[in-house]
Amino acid sequence: MNTHHPIAIVGAGLGGLTLARVLRTKGIEAVVFDLEAGRRARTQGGMLDIHTYNGQVALRSAGLYDGFRALVHTGGEATRVVDKHATLHWEEADDGSGDRPEVDRGQLRDLLLDSLPETTIRWGHKVTAARSLGDGRHEVTFADGTAHTADLLIGADGAWSRIRPLVSDARPAYTGISFIETNLLDAAARHPDSLAVVGDGALFALAEGKGFFAHHQTDGSLHIYTALRVAEDWLDAIDFSDTEAAKAAVLAQFDGWDDSLTALLATSDTALVPRKINNLPIGHRWERVPGTTLLGDAAHVMSPFAGEGANLAMLDGAELGEALAEHEGDTEKALAVYEEALFRRSKEKARESAEGLELCFSQDPIDELISIFSAVPEDTD
């Protein structure tokens, strides 16, 4: 049996939830389908810096700015840049005046979830197929055998979106960079030396096309990404179910690096999670397809080296919600307005992301990285 919805959003990430929230503030109801079993089905990743010109704009549109400010991690904007020998080249403390405050991704998602009625989110709905019905409506089929139709179907379902093929044949491609994600728990008590290296906020330790990125989390843990420029199949040759053997295989790439840096991986308290960094082509766009559109990574997945992914997803959701409310009764006009702005900004940020990747994984990125961090920020409307 099919159930029909005027607006269906696939994906309960930050972008999809922002859209649902903005619509609700405008008196427009939507349903959100998500493949996870529930809001606590998995952890939601590390810290996010939320920018004044996109992420914070979206949270104001959603009426959640004050709630966001209450989540800001004091000290989280502190930044350190070191080389492979752990020599400190640049450091900036967080004095509270920065325009990129850090929040925990999971706490930000909870803020959005708590702003919506529980019935808005339909957990445990993994999309297996999506098709056009030929009149602007679309049908989505789920793994449990149910199907739902919608007058407007929005793909907010991430890099490997099942909704994207309705509008585009593009698929993410490997950037040449792979991450291994780990955590050091209760760092003050269990890993004081690592905490001393990372500090209150973020650490960048880069050289020779590899390095370590670390964040001091609000729960006192350290969230670590070990990063390497390697072939696409390099991670596939490592058995990550054998944690110690996997550590050894990865650390073999860091011969000559200071022990205080390699300890960020070697002493991990959690399993190693391999992640290949992918992106869509810079300037990815599609022709207007009636009754459907994309937002967030479904529209413009890019590497994290401009720090824009979550910010863009939330702004996408907010602007789409605003456009649908402004042009209520003319969905196609709303989508055309939304996509014109989406394509323009995502192209710009995807280019910045690609440039950031090349900078970070050059042979000697320290000086250029410092020049970017120490630059006076431009006013961005």
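**Ring pairs and a helix pair**

Visitor: How many aromatic pairs does the count come to by the ring rule?

Guide: This is a predicted model, where local features need pLDDT of at least 70, side-chain atom pairs count only at pLDDT 80 or more, and totals for chains, interfaces and linings use all residues. Residues are numbered from 1 along each chain as its sequence is written, and side-chain values use heavy atoms, without hydrogens and water. Rings of Phe, Tyr and Trp (its six-membered ring) pair if their centres lie within 6.5 Å. By this rule, the number of aromatic pairs is 15.

Visitor: Is the pair of Phe179 and Tyr225 tilted or edge-to-face?

Guide: Planes under 30 degrees apart count as stacked, over 60 as edge-to-face and the rest as tilted. The ring centres of Phe179 and Tyr225 are 5.2 Å apart. Their planes stand at 40°, so the pair is tilted.

Visitor: Is Phe179 buried or exposed?

Guide: Buried means under 20% relative accessible area, exposed over 50%, partly exposed in between (1.4 Å probe, protein chains only). Phe179 has a relative accessible area of 6%. That value makes Phe179 buried.

Visitor: Are H10 and H11 roughly parallel or antiparallel?

Guide: Helix H10 (residues 309-326) and helix H11 (residues 331-360) pack at about 160°, with axes 9 Å apart. Angles run from 0 to 180 degrees between N-to-C directions, and the axes are lines fitted to C-alpha atoms over the stretch in contact. Under 35 degrees counts as roughly parallel, over 145 as roughly antiparallel, 65 to 115 as roughly perpendicular and the rest as oblique. Therefore H10 and H11 are roughly antiparallel.

Methods
Helix = DSSP H or I, 4+ residues; strand = E, 2+ residues; numbered from the N terminus.
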